[in-house]
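I opened this model to look up its ligand site and a few loop residues, and I kept notes as I went.

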Amino acid sequence: MAKLIVNANEVITLASEQKGPRTKQAMGEINVLTGVAVLIEGEKIAGIAPLQQLHDEFPHLIQDAEIIDACGKIVMPGLVDCHTHLVHGGTRENEFNMRLCGATYMDIMNAGGGIHSTTLHTRAASFDELYEKTYAHLNDFLKYGVTTVEAKSGYGLDWETERKQMEVAKKLHDNHPIDIVSTFMGAHAVPKEYKGNEDDYVNIIIDHMLPQVAEHKLAEFNDVFCEKGVFTPEQSRRILLAGKKLGLIPKIHADEIEPYEGAELAAEVGAISAEHLLVASDEGIKRMADASTIAVLLPGTAFFLRAPFARGRLMIDSGVPVAISTDFNPGSSPTISLPFIQNLACLNMGMTLEEVLTATTINAAYAINRGDEIGSLEAQKKADILILNVPNYKQMQYFYGMNHTHTVIKNGEVVVKEGVLV
Ligand code: NIG
Ligand code: FE
């Protein structure tokens with residue numbers, strides 16, 4: 001049966017003639033329609049137009065469509081969280097407390113905590129334990145209006161566990177309403193066993209892990225933590241180019257803690273995105289603009305690590321397409337709240353109310369190569385649609401720190417109603 005959303009005060013479509021991720025002033029053009037209804041047929045959007053026009057164009061569909069009354073609220077595309085470390089064992093609240101007492105993120109990691117601690121928990125967890133834990137996290141994402149999540153492996157650092165993480169993500173993609181897009185990140189840290197022999201681990205990734213990821217189609221992207229004390233730009237380049245040869249699209253954790261020419265490397269290897277970029281150089285930003293590399297900014301991480309925020313305003317003005325995301329992970333950003341991340345981006349990176357919507361919908365969709373399917377409300381795109389408890393989009397960030405999600409429609413099905421999972 002078709003569905004028809006009526007009585008929306010605003011329908012924010014994010015639709016545009018321009019294909020590809022939005023840049024510069026186009027990031028602020030979100031396309032707010034009034035006086036229109038949204039018609040859904042099956043998993044897709046059939047049309048968005050004034051009711052009479054939909055009646056004329058789709059008489060049979062409209063006749064017995066289920067009516068969803070938006071009651072003067074706003075309607076927008078489902079949010080896309082394009083950078084998370086979704087599947088992992090355990091939590092790290094003790095490290096948070098250590099950081100509050102003065103330890104730094106890298107101190108903790110170099111002392112064997114941080115990513116290494118989560119690696120131990122993830123190795124020890126069974127498939128089913130990881131599945132159940134992550135399923136619960138996904139329910140929270142959905143309640144906050146997120147309908148697609150990118151998920152990185154990288155807490156195994158051995159093939160067995162990396163594979164387990166990606167297979168958990170695959171099963172969740174099949175069984176949970178949220179769509180999951182997988183990224184292999186065997187190069188998230190050098191496992192303790194390889195300290196002093198870092199290149200041996202790099203070779204294992206290149207010779208053993210990447211070919212299996214590609215052969216078994218376990219991921220679409222290949223990501224590296226290019227950071228002082230983790231992987232050098234040269235090691236990162238080798239890993240990213242080896243993956244690219246096998247059809248895995250490069251992504252890169254770049255310039256997160258110390259400047260390391262990660263943005264430059266992203267542009268050089270043709271990465272779809274460079275992520276974090278807290279301390280990216282002017283030259284790196286310029287090269288990303290020239291190469292149309294998407295900047296995936298993660299202000300929750302800067303907030304939680306009390307680090308300087310990425311220069312989002314400068315990146316947008318320089319012509320870099322910007323997306324924003326939670327970076328959901330147990331160390332540097334344990335939040336699933338993309339609306340809170342939008343708020344941080346407004347208040348700490350100089351982004352406008354319109355730009356943060358673009359950055360969490362259509363540009364985030366492009367950052368995971370899904371820009372043709374999701375991220376905007378347009379005929380023939382997926383019916384991933386939110387109804388939010390506000391009468392206009394400007395109130396979303398004005399009433400901050402709250403979850404405004406009222407209804408979530410995923411693949412044409414109502415999965416959250418009045419804020420509650422169906
Ligand atoms: O994106 N920087 C590397 N990876 C994550 C943090 C992972 C962790 O602390 O567990 C990040 O910030
Ligand atoms: Fe990350």
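Conventions. I am working with a predicted model, in which local features need pLDDT of at least 70 and side-chain atom pairs count only at pLDDT 80 or more, while totals for chains, interfaces and linings use all residues. Residues are numbered from 1 along each chain as its sequence is written, chains are lettered from A and ligands numbered from 1 in the order in which they are written, and side-chain values use heavy atoms, with hydrogens and water left out.

Ligand shell. I looked up what surrounds ligand 1 and found 15 residues, the closest being Tyr 105, Tyr 155, His 188, Glu 256 and Ser 332; a residue is near a molecule if one of its heavy atoms lies within 4 Å of it. By class, I noted 4 nonpolar, 8 polar and 3 charged residues in this shell, where Asp, Glu, Lys and Arg count as charged, Ala, Val, Leu, Ile, Met, Phe, Trp, Tyr, Cys and Pro as nonpolar, and the others, Gly among them, as polar.

Ligand contacts. I then went through pairs of N or O atoms within 3.5 Å, the cut-off for a polar contact. A side-chain N or O atom of Glu 256 is 2.6 Å from a nitrogen atom of ligand 1. Oxygen atoms of the ligand lie 2.9 Å from a polar side-chain atom of Asp 327 and 3.1 Å from one of His 253. Taken alone, ligand 1 exposes 320 Å², and the protein buries 100% of that, by the Shrake-Rupley method with a 1.4 Å probe.

Thr 326. I placed this residue in the loop between β15 (322-324) and α14 (338-349); helices (H or I, at least four residues) and strands (E, at least two) are DSSP runs, numbered from the N terminus. Thr 326 counts as buried because its relative accessibility is 0%, the limits being under 20% for buried, over 50% for exposed and partly exposed in between, with a 1.4 Å probe and protein chains only. Its side chain makes a polar contact of 2.6 Å with the side chain of Asp 81.

Positive phi. Asn 369, in the loop between α16 (362-367) and β16 (385-388), has a positive phi of about 60 degrees although it is not a glycine, and I noted it as partly exposed because its relative accessible area is 46%. Glu 418, in the loop between β18 (413-417) and β19 (420-421), also is not a glycine and has a positive phi, near 50 degrees; at 62% relative accessibility, Glu 418 counts as exposed.

Definitions and conventions. Polar contact = N/O pair within 3.5 Å; in protein donor to acceptor, adjacent residues only side chain to side chain.
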